[in-house]
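Subject: Structure handover

Hello,

The structure you asked about is below. My notes follow it, grouped by topic. Please read them with the model open.

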Amino acid sequence: MDQSKGTTTITAEVEAQINAVMGSESAAFESLITHLMSAGNEQRGQAEALFNICKEKHPDALALKLVHVLQSCGQVEIRAMAAILLRKQITRDETYIWPRLAPPTQTAIKAHLLVCVQREEAKTIVKKLCDTVAELAASIMEEGQWPELLPFMFQCVSSDSPRLKESALLMFAQLSQFIGDHLHPHLSTLHTVFHQCLSQPSPADVRIAALAATTNFVQTIETPQDRERFQDLIPAMMQTLTEALNTNQEATAQEALEMFIELAGTEPRFLRRQIVNVVGSMLQIAEAETLEEGTRHLAIEFIITLAEARERAPGMMRKFPQFIGRLFAILMKMLLDIEDDPAWHAANTEDEDAGESSNYSVGQECLDRLAISLGGNTIVPVASELLPAYLADPDWRKHHAALITLAQIAEGCAKVMLKNLEQVVSMVLNSFQDPHPRVRWAAINAIGQLSTDLGPDLQQQYHQQVLPALAGAMDDFQNPRVQVLCAGKDLATEQTIARMVNLLRQLQQTLSPSALASTWSSLQPQQQMALQSILSS
């Protein structure tokens, strides 16, 4: 075979191989598919070359061979590979062959696909088939082709077979994403179908497929009036999630949560009539420490996504301060999931996050997002209820969490925090002398962040307290991490150094010469030299 110039020269040996795999006997073609799955590069490469020649020279025969294998082969692995190969050949990509197929071949393939959906027992293959049907339909139904598909889907979803119901719902979910407008004439029927499939006693697989179909379809509905017709499905949708959790099917529950997150981001108003029940349930999931972290994080992500949907649903989450308080408490508690890792104290840059868990990282990120989305008028009152108890607690983790929280919410709450600047600065500066080095580090880090978000007011009003506190922290020779964070040497992260240098330079630029000189004179000579080296660098 010579394919160097875009043409394929076929030898007699290759011609014989083509005749064999394209012949009436199925064994040779099934062997080709097996070789396409080979772990050996040479055997797989030869099989790919032969397959591509068949695709180029005999596209109709190849496509029909693949659907024949799907219908008749007894080996699940070969049928699964045939489903993958068929999908690549007939759905849109750079090399698909559907437009080259003769009309009778196209008709035959469409019919065979629907037969395969009805007969296939292996769930993984069924899902591949449903994806193929939906993607093919997306490319040809716009042209009026495949009119028999929707009647077939409605027939399946109305049957007594859970397997056929699930298959039809999987196709509805996919088609909603591709060509939802073709489904809109069937709003009433789909509402009834989705309601029946979401409700007990439908099997769990049918309910999760119905949830996917419902969430995808709702996002395609253009008018609020039509969308509201589906709002009465929300309790059954939530019950699908609850049942998955109650039966310890957390992978299914996470799949459901991801659907709700997508819905919250695109159509948050759809949830508004049931918002109390939905968010209340999500908070219960987030609070349930017996669940996997991934499940709890997704429940939190749902609420944060709703809070961030300000343009589509302005003020919706602000109306429920009790929920914000619970979420804020959950996020602060997640910041307690941190260990005093010895690697952190060595002050190596790569160990800056040593001891921090995924809970800690999610809590930190979500506090920032929540504050930015809801603002200081909503967040500061909630934070003010929790921060004093955390700061007064002897557990260093709680003190550390309070300082991290202050730094994270400062950007979103700047206007309100500026009205309480003295209280905010005092909280942080009082922690500079904390017995635990990670608390002292968090305090210095917080001052650096606050100087960015609350400047220049912070620098102008509190330079006499901040500069000596920073200089004093430089004497913390027993804890290199704290010292380098303050002094801005190579061992601190670039982000932290930038904050500290920015703060010092802002002090230098915003203060009058006399004010700066007065503050400078209170420092020890070695502290003055160290700070001056930063300012002049």
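Leu-86 sits in helix H5, which covers residues 76–90. This is a predicted model, so please read every value below as computed from it. Leu-86 has a relative accessibility of 1% and therefore counts as buried, the cut-off being under 20%. Which residues does Leu-86 touch, once its neighbours within four places in sequence are left aside? The contacts are Ala-63, Leu-66, Val-67, Leu-70 and Leu-113. Leu-66 is 20 residues away from Leu-86 along the chain, and their C-alpha atoms are 6.2 Å apart.

Now the chain as a whole. It has 29 helices and zero strands. There are 537 residues, and 53% of them are buried. Take the contacts with a separation of 6 or more: 71% of these join residues 24 or more positions apart.

Next, a helix pair. Two packed helices are described by the angle between their axes and the distance between the axes. Helix H1 spans residues 12–21 and helix H3 spans residues 41–57. Their axes come within 11 Å and cross at roughly 75°.

Two backbone points deserve a look. Trp-146 is not a glycine, yet its phi is positive, at about 60°. Trp-146 lies in the loop between helix H7 (123–140) and helix H8 (149–157). Is Trp-146 buried or exposed? It counts as buried, because its relative accessibility is 1%. Asn-248 also has a positive phi of about 60°, and it is not a glycine either. Its loop runs between helix H13 (234–246) and helix H14 (250–266). Asn-248 has a relative accessible area of 67%, so it is exposed.

On to the largest pocket. How much space lies in it? The volume is about 560 Å³. The lining has 27 residues. Lys-127, Leu-170, Ile-208, Glu-255 and Met-259 lie nearest the centre of this pocket. Five elements are listed as giving two or more residues to the lining: H7, helix H9 (162–179), helix H11 (204–218), H13 and H14. The largest share comes from H11, with eight residues. By class, the pocket lining has nine nonpolar, eight polar and ten charged residues. H13 and H14 are also the helices on either side of the Asn-248 loop.

About 60 Å³ lies in the largest cavity. Eleven residues line this cavity, and those nearest its centre are Ala-307, Arg-310, Gly-315, Met-316 and Leu-374. Which helices each supply at least two residues of the cavity lining? They are helix H16 (293–308) and helix H19 (358–374). The cavity lining divides into seven nonpolar, two polar and two charged residues.

Ala-309 belongs to the loop between H16 and helix H17 (321–334). Ala-309 counts as buried because its relative accessibility is 9%, and the limit is under 20%.

Last, Ser-426. This residue is in helix H23, residues 421–429. Is Ser-426 buried, partly exposed or exposed? A relative accessible area of 31% makes Ser-426 partly exposed, because that value lies between the 20% and 50% cut-offs. Ser-426 and Val-466 are 40 residues apart along the chain, with 9.9 Å between their C-alpha atoms.

Best wishes

Definitions and conventions: Residues are numbered from 1 along each chain as its sequence is written. This is a predicted model: local features need pLDDT of at least 70, side-chain atom pairs count only at pLDDT 80 or more; totals for chains, interfaces and linings use all residues. Side-chain values use heavy atoms; hydrogens and water are left out. Axes are lines fitted to C-alpha atoms, for helices over the stretch in contact, and angles run from 0 to 180 degrees between N-to-C directions. Helices (H or I, at least four residues) and strands (E, at least two) are DSSP runs, numbered from the N terminus. Buried means under 20% relative accessible area, exposed over 50%, partly exposed in between (1.4 Å probe, protein chains only). On a 1 Å grid over the protein atoms alone, a cavity is a set of points where a 1.4 Å probe fits but cannot get out, and a pocket is an open set with protein on both sides within 12 Å along at least five of seven lines; lining residues have an atom within 4 Å of a point. Grid points are joined across faces, edges and corners, and a volume is the space filled by probe spheres set on the points. Ala, Val, Leu, Ile, Met, Phe, Trp, Tyr, Cys and Pro count as nonpolar, Asp, Glu, Lys and Arg as charged, and the others, Gly among them, as polar. Contact means heavy atoms within 4.5 Å.
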